[in-house]
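Please keep the model open beside them.

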Amino acid sequence: MKITSIEAFPIRLPVRRDFKWAGLREDLGGFVVVRLETEGGVIGWGEATPLPDWGGAAGRRGGETQATVCAMVRDVLAPVVVGLDVSDVNAARLAMDRAAIGNSYAKLSIDIALHDAWGKVLGQPVYRLLGGKVRDSVRFAHMVGLMGHAEAMDEALGALADGCTALQIKGGVDADRDIELIRELRREAGDGVFLRLDANQGYRTARNAIDILARLREAGADGCEQPGANMSSMAAITARGGLPVMADESCWDAVDAMDVVANGAADWISIYLAKAGGFVGARKVSAIAETMNIPCDVNGSIESGIGNAANLHFVLSQPCVTLPSVIPVNAPAGSHPCAYAGNYYKDDIITEAMTVRDGHIFVTEAPGLGIEIDGAKLAQYRQDRG
Ligand SMILES: [Mg+2]
């Protein structure tokens, strides 16, 4: 079934509250949606959540924006993918890589749409295209943004009251604040809750970070994400072994994953479909992690219902993803199952709320990503039409 058209356009969803992390200056909520069509009228949906100030460890990757992703898709990537068969996901990635280096968010948006359409053509859910299920649901972590102590406690305890069993606490700006927050959360939440502090490179030097991680461990953290700002500091921190270290900014693609392994620069890896440019790239990162016994989570930039459906299918199919994943729960206005947990947007462009039970998200068995798009909502939130 040949691909006949690929269209990209910007949308913006209303946020429930302000969410920030170290280094993030933009407001969340801006997306690019991709609509891919095949001969016979099968539609595949894709998404990217680009951020201009999200660019890898020590800024080694280029940030992307809604405007750059739309332009790359329209002018550079769609022209080399249109005409391929919808199952040609590897050929599509090769063609996109030949057309432009980098631009992983733009490639991601097409790669997701391709997989959605391919699944619909076959009548199979995407997780089957990725090798089938190794788990039935996804244990999700709620992200608590950079905010004051009392506010962060309210947000975190609200998420736990919703049944969520894992938290990612954003920090890295004020270590004393981070440590006290972890200490009080551990006291309030008990031992069963998974607590990880994401420093977003904010602890900077290895010497500084090693001291902070020892204190975070004593306060009750289960792990620390990206304490250092480069591979050598990450390796030095990991070597001290005080607290498991997760590579996020330091690990975008398979080459980075090999470097993390070679340098002993993390105990855990945070896989994003976006950093790796889609399923095709992320499967390579996952294969390296699985081979080297590195536990992973799947994270992102708080996607809408399309991007998160893709995340969920990926988690179901990948053996190495054994850690709780920072994946939102997407739902149309008025139907969100949780007051706090996974609840970042007041509305979504998918027609049905994701299913949540006991701190886990479930996917449907419907073909492709298993979601339906609400055309009226899409029109409402499009930013390129008045
Ligand atoms: Mg992170």
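1. Helices (H or I, at least four residues) and strands (E, at least two) are DSSP runs, numbered from the N terminus. With that in hand, β4 and strand β13 (residues 360–362) run antiparallel and are joined by 2 bridges. Val138 has Ile361 as its bridge partner in β13. The open sheet they belong to has 3 strands in the order β4-β13-β12, with antiparallel pairing. Its edge strands, β4 (138–139) and β12 (355–357), each pair on one side only.

2. Please keep the origin of the coordinates in mind: this is a predicted model, in which local features need pLDDT of at least 70 and side-chain atom pairs count only at pLDDT 80 or more, while totals for chains, interfaces and linings use all residues. Residues are numbered from 1 along each chain as its sequence is written, and side-chain values use heavy atoms, with hydrogens and water left out.

3. Now the metal site. Which residues are the protein donors of the magnesium ion? They are Asp198 (OD), Glu225 (OE) and Asp248 (OD), at 2.1 to 2.3 Å from the ion. Donors here are N, O and S atoms within 2.8 Å of the metal (3.2 Å for Na, K and Ca); water is not among the atoms, so sites may look incomplete. Along the sequence, the donor residues follow the spacing D-x26-E-x22-D. Glu225 sits in strand β8 (residues 223–225) and Asp248 in the loop between β9 (245–247) and α9 (254–263), a pair 23 residues apart that links distant parts of the chain.

4. Buried means under 20% relative accessible area, exposed over 50%, and partly exposed in between (1.4 Å probe, protein chains only). Glu225, at 0%, counts as buried, and Asp248 is buried at 1%.

5. Finally, His313 is found in helix α11 (residues 305–317) and is buried, at 0% relative accessible area. Beyond its neighbours within four places in sequence, His313 has contacts (heavy atoms within 4.5 Å) that include Pro125, Tyr127, Leu130 and Leu369.

Notes
Two strands pair if DSSP finds at least two bridges between them.
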